[in-house]
Amino acid sequence: MEIEKVYSEFLDSKRDEYKEKYKGLEKFFSASSAGHCYKKHLFKITDAPQKDIEARSQRILRLGTLIHQDFEDAVKHYINNQNVHASSTTGNGITSIYYFDNYKFYVEHQIRLPQYNIVGHLDFAVFDKDSRQLTIYDYKTAASYKWSLKFGRKYKDKNPNFNYEMQLSTYLLGMEFELGELDQLIDNKQMSIVWYNKDTSRMREEKIALPFIDVAIDYWQELNTWRDEIESANPELDNYDIVNLTLSRHREIGVPFQDWECKYCPYDHICK
């Protein structure tokens, strides 16, 4: 038996499960892609063909998914030991909100920002109804080299997490919208990335500055301006050629934001 081939087929099936999770949401922007190239978002909502992910890359992504799942299970284990008195499901029928005393815990919780056409799932959030504090957590894995760029003395701060900070800020905006719909005020906000080193199993928590929330708002507003222009020429948002005609590669700010994005983009083969 070719175990490597068997595993690749298994990972292909997991990709199909992921697509099923977001079925019916194809025309929404993905919160997890916050800070990425504008064309990547626009190709996604116009159903552009993606290139296949190389098998090794799939295995790397899967490792991060497994660590995320462990964190999710650990948080649920903690919550269950607090004698949670209630829980509720979201629109997709999955339990993601848990109530304990004055706390509300959100685990793998779906957020929506209709004003920006965004859907996503945050990793973990806690809302303290007494102090009105909202804390958002996001889990990230890194190999030793990336870890050294982030936390090593020699390279520290030479590899800013623009995408990660934008992603967390988007989740916070989504929770602000949801709690606002319930007339629950927020007085204090906090965002943190929980880092896990895949090589050494070291962990670090990094707090993210709140001014990135305003940067995220500007980002999504700009992206929606481009979306409106695309939609005016293609009301069904099903012709990705118009994306190339409207936004030329390397000729607009944010197309891409960083040169390395093109190397890993699933739409690189059609982008002009």
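**Reading a predicted chain by its definitions**

Student: What makes the radius of gyration of this chain agree with a compact globule?

Tutor: The radius of gyration is taken over C-alpha atoms, and the globule rule is 2.2 Å times the number of residues to the power 0.38. With 272 residues, a compact globule would have a radius near 19 Å, and the chain has 19 Å, so the two agree. Please keep in mind that this is a predicted model, in which local features need pLDDT of at least 70 and side-chain atom pairs count only at pLDDT 80 or more, while totals for chains, interfaces and linings use all residues. Residues are numbered from 1 along each chain as its sequence is written, and side-chain values use heavy atoms, with hydrogens and water left out.

Student: Why is D138 called buried?

Tutor: Buried means under 20% relative accessible area, exposed means over 50%, and partly exposed lies in between, with a 1.4 Å probe and protein chains only. D138 has 2% relative accessibility, and therefore it counts as buried. K140 counts as buried too, because its relative accessibility is 13%.

Student: How do you know that K140 and D138 form a salt bridge?

Tutor: A salt bridge is a side-chain nitrogen of Lys or Arg within 4 Å of a carboxyl oxygen of Asp or Glu. For K140 and D138 the distance from N to O is 3.1 Å, so the pair meets the definition. Side chains of opposite charge can pair when their charged atoms come close. The structure holds ten salt bridges.

Student: What makes R59 and E4 a salt bridge that links distant parts of the chain?

Tutor: The closest N and O atoms of R59 and E4 are 3.7 Å apart, and a salt bridge needs them within 4 Å. R59 lies in helix α3 (residues 55–80) and E4 in helix α1, 55 residues apart; helices here are DSSP runs of H or I with at least four residues, and strands are runs of E with at least two, numbered from the N terminus.
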